[in-house]
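I opened my notebook for a walk through this model. Here is what I looked up, entry by entry.

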2 protein chains.
Amino acid sequence: MVRPMDRRLTQRGRERRRQLVEYAARRFAENGYHPTSVAEIVAGLGVGKGVFYWYFSSKEELFGEILREAQQELRRCQQQAIADEPDPLRRIELGIRESMRWLGDHRHLFTLFQFAATEERFSGMLRRGEEVAVGDAVRHIKEGIGAGQIRDTDPTVLTHAVLGVTNHLARVMIFEHGAAPDEVADAAVAFCLDGLCGPPEPAPAGHRC
Amino acid sequence: MVRPMDRRLTQRGRERRRQLVEYAARRFAENGYHPTSVAEIVAGLGVGKGVFYWYFSSKEELFGEILREAQQELRRCQQQAIADEPDPLRRIELGIRESMRWLGDHRHLFTLFQFAATEERFSGMLRRGEEVAVGDAVRHIKEGIGAGQIRDTDPTVLTHAVLGVTNHLARVMIFEHGAAPDEVADAAVAFCLDGLCGPPEPAPAGHRC
DNA sequence: CACTTCCTTGACCGGACGGTCAAGGGTGCC
DNA sequence: GGCACCCTTGACCGTCCGGTCAAGGAAGTG
């Protein structure tokens with residue numbers, strides 16, 4: 001499982017560590033995890049190999065740390081964006097918009113998430129982080145269902161549907177087509193809200209549907 | 001770009017080639033592309049290393065062929081499923097259902113698609129295949145918009161929203177949670193159709209929205 | 001100054017990997 | 001049989017990679 005080394009670090013040490021995480025994340029995303037060697041990372045930073053193994057016990061551990069920190073920060077941003085918005089549907093909207101913004105700003109990390117999902121050693125770690133975020137979203141959806149705003153379907157499925165739209169649109173429209181995150185977010189929100197609310201016909205209640 | 005070797009193969013040769021593609025695809029998906037060595041592939045098939053390099057000029061070329069053939073087959077299945085259904089909205093539904101079924105049956109290939117997206121050498125190849133499939137879907141969406149069944153939004157965005165829902169739900173609900181493809185497809189179809197059709201309020205025409 | 005702790009260097013190691021190739025077996029055709 | 005062609009073998013090669021470590025510099029503390 002590769003437990004993280006927790007050395008006591010000075011200011012200087014924390015800065016070096018940050019450099020390594022940052023630079024390695026970019027190289028891993030651009031070049032692939034396996035094709036990027038430790039030698040290349042330290043050369044890119046102009047330091048000796050020993051520096052790497054002073055801060056991390058292996059390349060694998062470094063990747064794990066990158067993953068963990070990225071997931072942590074994404075969640076932090078989402079929580080902050082949602083803050084204390086009372087309406088669950090609007091919380092979901094804000095979550096989508098914030099995700100889109102964040103992914104636009106950290107596309108290299110998104111690539112690493114994708115890669116992590118394809119290797120067994122990392123997919124577990126990724127999944128644990130994902131489950132936390134999904135848990136958050138599921139709560140909002142459940143609340144929306146309770147309030148009659150959202151169709152009464154398995155909240156987990158709905159959550160993943162929203163997640164799928166957001167991630168895929170971010171990747172294709174923002175990264176590949178170079179679209180503006182805000183506009184893509186508008187489209188994603190529109191699609192998801194209608195998808196969540198359900199068919200118009202029975203439309204009995206709810207202040208948006 | 002690693003052009004495929006086109007040798008003239010006998011019956012026996014074609015069978016060997018198929019074995020290599022099949023087995024390597026499974027190992028790549030289970031173990032990762034880079035961590036799976038050519039030596040391991042040929043050992044798993046009980047043949048010498050020369051066999052590999054008789055049929056493929058490099059490991060990279062083999063992976064490219066796996067990708068190409070998988071995309072080709074997925075598209076073939078989708079086209080066949082849609083066949084000559086006249087209603088565009090229903091064509092999309094059938095496409096979603098068929099994708100879900102196919103992904104459920106070929107989850108290892110899905111993993112390889114994901115991996116390919118993370119390495120520059122392969123992402124181009126992947127994208128070219130994706131564009132073809134997206135082009136198909138966009139046509140159906142455009143037709144739906146023309147018929148007033150689908151909201152008048154950028155068809156490419158709508159297509160990718162649907163694709164995102166389908167792929168993500170397949171991965172999470174079918175692969176990870178072990179849900180039944182048919183039920184997941186039901187949920188995906190419901191979500192996407194409402195997402196495509198748009199908000200209920202103005203609801204002027206169309207026989208489903 | 002001495003002494004400790006934190007950090008850095010880069011040559012080095014064992015092993016694994018992708019790829020090559022000379023040699024040979026098998027099959028079918030004349 | 002003789003010959004051509006398709007396929008297979010596995011030892012071998014050069015390279016590169018993750019990781020180690022003895023040695024030494026810098027910074028802080030007394």
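**Entry 1: the protein interface**

I began where the two protein chains meet: 31 residues of chain B are in contact with 32 residues of chain A. For contact I took C-beta atoms, placed from the backbone, within 7 Å of each other. Helix H6 (107–116), helix H8 (155–176) and helix H9 (181–197) of chain B each give two or more residues to the side that touches chain A. H8(B) gives the most to that side, with 11 residues. I sorted the residues on this side of chain B by class and found 17 nonpolar, 12 polar and two charged. My classes were: Ala, Val, Leu, Ile, Met, Phe, Trp, Tyr, Cys and Pro as nonpolar, Asp, Glu, Lys and Arg as charged, and the others, Gly among them, as polar. Helices here are DSSP runs of H or I with at least four residues, strands are E runs of at least two, and both are numbered from the N terminus.

**Entry 2: ground rules**

I note that this is a predicted model, in which local features need pLDDT of at least 70, side-chain atom pairs count only at pLDDT 80 or more, and totals for chains, interfaces and linings use all residues. Residues are numbered from 1 along each chain as its sequence is written, while chains are lettered from A and ligands numbered from 1 in the order in which they are written.

**Entry 3: symmetry**

How is chain B superposed on chain A? I found a rotation of 180 degrees with 0.0 Å of shift along its axis, at RMSD 0.0 Å. That is the relation of a two-fold axis. The same surface serves both copies, as 100% of the contact residues of chain B recur in chain A. The superposition was by least squares on the C-alpha atoms of residues with pLDDT of at least 70 in both copies.

**Entry 4: chain A overall**

I counted nine helices and zero strands in chain A. Its C-alpha atoms fill a box of roughly 65 × 35 × 30 Å along the principal axes. Of its 209 residues, 39% are buried. My scale runs on other C-beta atoms within 10 Å of a residue's own, all placed from the backbone: buried at 20 or more, exposed at 12 or fewer, partly exposed in between.

**Entry 5: the core**

The largest nonpolar core has 109 residues, and those with the most contacts inside it include Leu112(A), Leu169(A) and Ala188(B). Such a core is a set of buried Ala, Val, Leu, Ile, Met, Phe, Trp, Tyr and Cys residues joined through C-beta atoms within 7 Å. Not counting residues up to four places away in sequence, Ala188(B) touches Ala161(A) as well as Ile96(B), Met100(B), Val165(B), Thr166(B) and Leu169(B).

**Entry 6: the DNA**

I turned to DNA strand D, which 21 residues surround, Ser37(A), Gly13(B), Val47(B), Gly48(B) and Gly50(B) being the closest. Near means a C-beta atom, placed from the backbone, within 6 Å of the strand. H3(B) supplies the largest share of this surface, four residues. DNA strand C is also surrounded by 21 residues, the closest being Gly13(A), Val47(A), Gly48(A), Gly50(A) and Ser37(B). There H3(A) gives the most, with four residues. By class, the surface near DNA strand C has seven nonpolar, seven polar and seven charged residues.

**Entry 7: one residue**

Ile82(B) is found in helix H4 (residues 59–82) of chain B.
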